[in-house]
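Please keep the sequence and the 3D view at hand while reading.

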Amino acid sequence: MRPFRLVLLLLALAGAGAAPAAPEPATGGLVVPAGGRIRLLGDSIVRGYGFGNYTDPSPLRTIQGIARLLLADNVPYPVDIDRLPRLWQGFNPDGTPVTIATLGDEVRGSLRSGELRPDDWLVYEDAGEINMIQHPAPWPSARDMYGRNRAALRSLLEAARAAGMQERVLLMTMFDYQPNHAWSEWDAPLDDGVHSGNDSIRDEAAAQGARVVDLNRIMDRAHDHVTAAGWGRMVGPDGIHPNVYGNYVMALSILGTLGAEIGSWKLDRLQRHFLHPAAGGDVERVWGFTRDPSDDERVRLLRELQAIVVGELSGLPTARRLTEGAARFEGDLLANEGPSWDGRGHLYFSAADRISRRDREGRVEVVRRSAGRPNGTLIDPQGRLVVCEGGARRVIRLEADGGVTVLAETCDGMKLNSPNDLAIDPQGRIYFTDPRYGNRDTMEMRDAAGQAIDGVYRIDAPGQVVRVLTREVERPNGILIPPDGRALYVADHNIRPGGSRRLWRFDLRPDGSVDPASRRQIFDWGAERGPDGFKLDTAGRLYVAAGGNRTVPGREISDRYKGGIYILSPEGELLEFVPVAHPVTNCAFGGDDLRTLYITAAGALWSVRTTTPGIITAGGGRPAP
């Protein structure tokens, strides 16, 4: 069931290639209206275990504390999120409950007291009867735990339905990382030997048509990423309860399931609390971590976990068959666009006024300033940097002696629009896309009838420019030619309402011309943010930077195709999705083995390791031996 949207949005960035940046959205798409309330009912979800010191006043100690920081940074109106006081009060010394109440009684009692209102959102995690049934103790009956768990949830949903609020109940599955503890085996079979505690939550939610967030799956992904990075676990020393990063993942998962476009959310207030006390933060050491991250690493981990939650909530395939772990946040490096690897240990990328390069050690230097608003870059087989200067409306090449050669500036006597991205064929001919985003009144590139042309062009020699596609693609953006030179792939990213957001393939003839009749759709992003730059691996798979983490009113939605890398088969099957917590623009394979995919995203640089090497132009496109 898709989350509702009932919030006002301002214009947002139009996405890759759009001319002037529109304002950031005024809200993150949260379903809860101004003055609305979110009530949390459960155990870890409200108690908080972030430091192992439960009296610590830090907001990171609880889910609601973290959520408040996120809401304050991203939603311009008040939303009250807090725990719902429980009617069930725990156990007597002999293990019997102090108060026996069904979950339905919990809801009805809270409604009578006014602690819960029919227009509230109720987020439910382990509590009441399910807690009593799941955990070992001398209960009167522990038989048919799966059925009893489902019956308990059913009573909660029936009470909510009677109050007219079933559509505002969110159920959560549970997680654990120490399954030898019987009291945390949420994925272990119950007494029927078939179903788990999490099965009871998923199955009853499906039967009742209730919202559910599979926190178990999300935390598994987050935990895998954290442990692979060598930090430790997402839980504290008890092996059960979440640390501050676990609390963060839970808060993001709740807000994301309630419609928030969390992939575009700022983390400014939150990340200040995650720093060491010497830097003004709250966390001396992360509970449950075996190695202490630096302040920069703590912030990086927040971004990486944000991307993981976005991916898991998207419903897209994130099985990690073709990549090794989640995307890694490399830093805010003015990496807006145009990544390319030179085969000698340098990654180039572009920003509004410069071209930079980063070496193997992570050092960044500027190689060209005032570069005419550069976009796509390409390292040719001779090791020279070729650049689309969109602002200067030309394609240039930087020579080894420091000179600049203008390769393309006009075609048929008309000034180019805004050269965007580049490709090169086996004969060394350069192809580029020339869309115009933003103001189109100044376009010179028009046909005899005065209609604007957003074309694709071939450079045979400096100044010798031929148009190869005219209207077969609405707004050509990314472009690619495989090593055999037999195909031309073009990303179509028309940001106007109803515009095409597709990836196309054309046959490329030996003479460098394109067969327009051969056009074949590889993938269609529908009304959502479409493809930008993309690359190819040695198995012929396409790695496409596409999708968005926020809705742009009247232009693009972000319901399914979230921002990240879409790995497609040559036939267009979506094989895997790599989520990124910034608006993605382009990507490039690099590293000595060409198995690191670098991703540019609104000034931030990300990377992900792949199982198959990629292809580059420099040095023949083969990984180093």
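Two strands are said to pair if DSSP finds at least two bridges between them. The model described here is a predicted one.

## The sheet

Strand 1, which spans residues 37-41, pairs with strand 2 in the parallel sense, and the pairing runs over four bridges. Within this pair, I38 has I81 of strand 2 as its bridge partner.

The sheet as a whole is open and is formed by five strands in the order 2-1-3-4-5, with parallel pairing. Because strand 2 (80-83) and strand 5 (211-213) each have a single partner strand, they stand at the edges, and one side of each is left without a neighbour in the sheet. On average, and with direction ignored, neighbouring strands of this sheet are turned by 20° against each other.

## Helices on the sheet

Helix 5 (residues 145-162) lies across strand 3 (121-124) and strand 4 (169-172), and its course makes about 165° with strand 4. Helix 8 (residues 244-257) also packs on the sheet, where it touches strand 1, strand 3, strand 4 and strand 5, and its direction is at about 140° to that of strand 4.

## The nonpolar cores

The largest nonpolar core has 56 residues, of which L30, I38, Y245, L255 and L305 touch the most other members. At least two residues of this core are supplied by each of strand 1, helix 2 (63-74), strand 3, strand 4, helix 7 (215-228), helix 8 and helix 10 (295-314). Helix 8 gives the largest share, namely nine residues.

I38 can be followed in more detail: leaving aside residues up to four places away in sequence, I38 touches V32, V79, D80, I81, D82, W121, V123, L255 and L258. Apart from the core to which I38 belongs, there is a second, separate core of 38 residues, which includes A327, I355, A371 and L385.

## Helix 5 against helix 6

Two packed helices are described by the angle between their axes and the distance between the axes. For helix 5 and helix 6 (residues 197-208), the angle is about 40° and the axes are 9 Å apart; the two helices are therefore oblique to each other. The crossing in which helix 5 passes helix 6 is right-handed.

On the side of helix 5, the contact is made by Y146, N149, R150, L153, R154, L157 and R161, while helix 6 contributes G197, D199, S200, I201, D203, E204, A207 and Q208.

Key: Residues are numbered from 1 along each chain as its sequence is written. This is a predicted model: local features need pLDDT of at least 70, side-chain atom pairs count only at pLDDT 80 or more; totals for chains, interfaces and linings use all residues. Side-chain values use heavy atoms; hydrogens and water are left out. Axes are lines fitted to C-alpha atoms, for helices over the stretch in contact, and angles run from 0 to 180 degrees between N-to-C directions. Contact means heavy atoms within 4.5 Å. A nonpolar core is a set of buried Ala, Val, Leu, Ile, Met, Phe, Trp, Tyr and Cys residues joined through side-chain atoms within 4.5 Å. Buried means under 20% relative accessible area, exposed over 50%, partly exposed in between (1.4 Å probe, protein chains only). Angles under 35 degrees count as roughly parallel, over 145 as roughly antiparallel, 65 to 115 as roughly perpendicular and the rest as oblique. A crossing is left-handed if the near helix is turned anticlockwise from the far one by less than a right angle, and right-handed if clockwise.
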